[in-house]
Structure formats: structure tokens, C-alpha cells
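Thanks, everyone. Please have the model open as I go.

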Amino acid sequence: MVVDGRLLRGLPALAGESLSSLELAEAVSQAVAPVVAHDALRLMGNNPDGAGHTVFSFWHNFEEEFGCQFMRGYLAGDDPCLPTDLARQPMPAGLVGTGRGPRDRSVRRLFDDHGVGGELRVLLRDAHGVWGSLALLRSAGGRAFDRADAERLLELTPVLIAALWQYVLSGPVQPVAPEQAPGVFVVDAAGKVTGATPMAAWWAERLREHHPASWVDALVSGIAAQTRLTLREPGIPAPVMHCPAARFGRWISAEGQPLDQDGAVAVLVRAVPARELLVSLGSWYGVTARERQVIEHLLDGAAAKQIARGLDMSVHTVNGHLKAVYRKLGVNGRAELLTALNT
């Protein structure tokens with residue numbers, strides 16, 4: 001099947017415009033609907049080399065409490081179709097909750113409680129890695145999703161990846177939002193937010209500009225749950241979420257850190273640290289591994305000659321790498337690059 005539709009063709013360009021998260025989610029839903037009918041949609045974006053952490057997401061027509069419970073379960077690893085699950089399949093798609101495991105039973109109970117008939121989820125993957133996932137929901141009583149729906153949805157992968165790219169690249173490389181101190185939320189073992197610093201309240205208000213108020217608590221609770229999961233299963237990477245500058249005027253991050261052995265967790269929200277931001281910018285702007293090495297030395301205050309000695313290359317090659325980085329990020333020299341990296 002060859003998908004050809006005006007809405008789909010225009011989706012990447014639309015994603016680069018100054019739309020709100022809700023407006024863009026609705027546009028994606030309208031573009032996908034002629035291909036696979038659905039009642040609700042969720043589009044998530046990942047850094048392809050960032051351990052699969054979600055960096056941003058768009059939600060359309062999700063009932064608020066259902067979205068909160070989904071987010072907690074997903075971040076806590078209780079979801080039966082996590083990116084790592086889908087990546088192992090020959091066709092990276094799944095009908096959520098149709099298996100027999102405990103995670104499937106848990107999500108089916110959630111579906112039943114909120115009138116959801118089923119969910120189809122596909123991984124947005126290309127030769128460079130996994131860029132995100134798309135999930136479609138249908139209400140109870142409607143036609144169930146099937147393999148043909150999954151195949152049609154997977155054909156949209158290139159245009160959806162292009163839309164994610166355009167969304168990220170539409171944001172300012174150099175921060176336009178003022179830098180603020182980090183905020184800290186304290187979450188107890190039961191997942192309840194029991195405390196927050198004054199700056200945490202400020203950050204929460206910024207997050208609520210894009211999602212319902214209750215979702216912010218669910219996000220913080222979910223990150224805390226994932227942090228506790230890393231203590232039980234050391235092979236799981238610590239949770240770090242990045243949100244791009246297109247949404248907040250600068251890249252911001254949320255990460256969990258255990259406070260004690262009883263399960264209390266501190267969730268830190270702040271501007272993305274320079275070295276972490278370098279990974280995100282590298283993914284979306286095409287900065288190569290060698291160019292990142294040069295930038296890391298630059299972050300340490302090294303001059304071109306020092307970088308050349310440290311990386312065993314000529315000064316000419318170092319300057320060539322830096323010029324390539326400046327071009328890719330659209331900055332004019334070292335000072336603007338360091339500003340872009342929040343330093």
C-alpha cells in the first residue's frame with residue numbers, strides 16, 4: 001500500500017511550526033486517521049542513542065485519569081510493549097495487552113476500567129535507530145486492531161520520524177528561556193509526592209502548560225518508580241527524560257535519584273547538563289561521534305592545539321570538525337556553541 005495524502009505529506013512541515021503540543025497531536029491524529037482509524041493517539045520521541053528515554057510526547061483525546069495511570073505504569077516498566085520488547089520483534093509492532101503475562105493482565109484491567117477496547121503500538125525505527133513510537137487506541141465495542149493495521153501504520157514510519165525531526169529542529173539552539181535553578185520533588189515508596197522545593201513548583205507550572213495538572217504528578221511518580229526499578233535490576237539504565245527547546249525555550253531534563261533504602265526518591269528537574277545535551281543535539285542534528293569528542297574537550301576549556309594533542313589529530317582537522325558542528329547547529333563560533341550547550 002502506498003500512502004498518499006495531503007495531510008500526511010504536510011505533517012513534517014506542520015511539526016516545524018509554532019503549534020502547541022495539543023494542536024500538533026490533533027494534526028498527527030487527523031493525518032493518520034485515513035490510514036488506520038482510531039479514537040485516541042499518543043506519539044513519543046526518543047534519542048536513538050539515548051537508551052530509549054522519552055524526550056517528548058504528544059497526546060490526543062486521552063481521558064486524563066487513564067493517561068495518568070498509563071504514564072505511571074509505562075515508566076515503572078509494567079507496560080507489555082516497551083520499546084525494548086518491540087525492538088526484538090521482526091515487525092516492530094504490538095497489540096497491547098493481548099499476551100498472557102502479568103503486564104498484559106495489568107494493562108487489560110486498566111483498559112476495562114476506562115472503556116478502552118485495544119491499543120496498537122509501533123516502533124518508529126530506521127537505519128539510525130529508534131526515534132520513538134506511535135500508539136493508537138480504540139474504544140471498547142469497536143473493531144479490534146489487527147496485523148493489517150500494524151503493517152499500514154508501519155508504512156508511515158518515515159513521515160512520522162521526519163515530523164519528530166522537524167519538531168525538534170524548530171526549537172532554538174541557543175536557549176531563549178531564562179536559566180532557572182533546579183527543582184526537586186520528593187516521592188515516597190507509595191508513589192505520592194510528599195515534598196517539593198519552591199523551584200519545583202516553578203518547573204511544575206512550566207510542565208502544566210503542555211499537560212493537565214494531574215499528569216505532572218503522574219510523570220514525577222513514574223520517574224520515581226523507574227528509579228526504584230533500577231535499584232532492583234541494575235542492568236536497567238537510570239531514568240532520564242529530556243524535553244526539547246521547541247517546547248520550553250531550552251532543553252530541560254527530569255531524572256530520579258534514590259534517597260534511601262525505603263523507596264523514597266528525589267526527582268530533579270533542571271536545564272539539561274551540557275554533556276547530556278550534547279547527546280540529544282548530536283542525535284537530532286547529526287553531530288558525529290568524533291565531532292562530539294572535540295566538543296567535549298571544548299567543554300573542558302581546551303584550545304584547538306590541546307584538543308589536537310588529546311585526540312591525536314591535526315589542528316586543521318580539529319578546526320574542520322568545529323566548523324562542521326557550527327554549521328549543523330547554526331551557531332557562529334565557539335561562544336555561541338557553549339551558550340547553546342547551556343554553559
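Let me start with the largest cavity, which is lined by 22 residues. The ones nearest its centre are Ser 57, Met 71, His 211, Leu 219 and Met 241. Keep in mind that this is a predicted model.

Which elements give two or more residues to that lining? They are strand E2 (54–60), helix H4 (64–75), helix H10 (213–232), strand E8 (240–243), helix H11 (245–248) and strand E9 (252–258). Of these, E2 gives the most, with five residues.

The structure holds three cavities of 30 Å³ or more.

Now to the helix, H14, which covers residues 304–311. Which of its residues are buried? Those are Ile 307, Ala 308 and Leu 311. Looking down the axis of H14, you find the buried residues within an arc of 100°, so they line one face of the helix.

What covers those buried residues? The cover includes helix H13 (289–299) and helix H15 (315–329). On the other side of H14, the exposed residues are Lys 305, Arg 309 and Gly 310.

Terms used
Residues are numbered from 1 along each chain as its sequence is written. This is a predicted model: local features need pLDDT of at least 70, side-chain atom pairs count only at pLDDT 80 or more; totals for chains, interfaces and linings use all residues. Side-chain values use heavy atoms; hydrogens and water are left out. Buried means under 20% relative accessible area, exposed over 50%, partly exposed in between (1.4 Å probe, protein chains only). Helices (H or I, at least four residues) and strands (E, at least two) are DSSP runs, numbered from the N terminus. The arc is that of the directions from the helix axis to the C-beta atoms. Contact means heavy atoms within 4.5 Å. On a 1 Å grid over the protein atoms alone, a cavity is a set of points where a 1.4 Å probe fits but cannot get out, and a pocket is an open set with protein on both sides within 12 Å along at least five of seven lines; lining residues have an atom within 4 Å of a point. Grid points are joined across faces, edges and corners, and a volume is the space filled by probe spheres set on the points.
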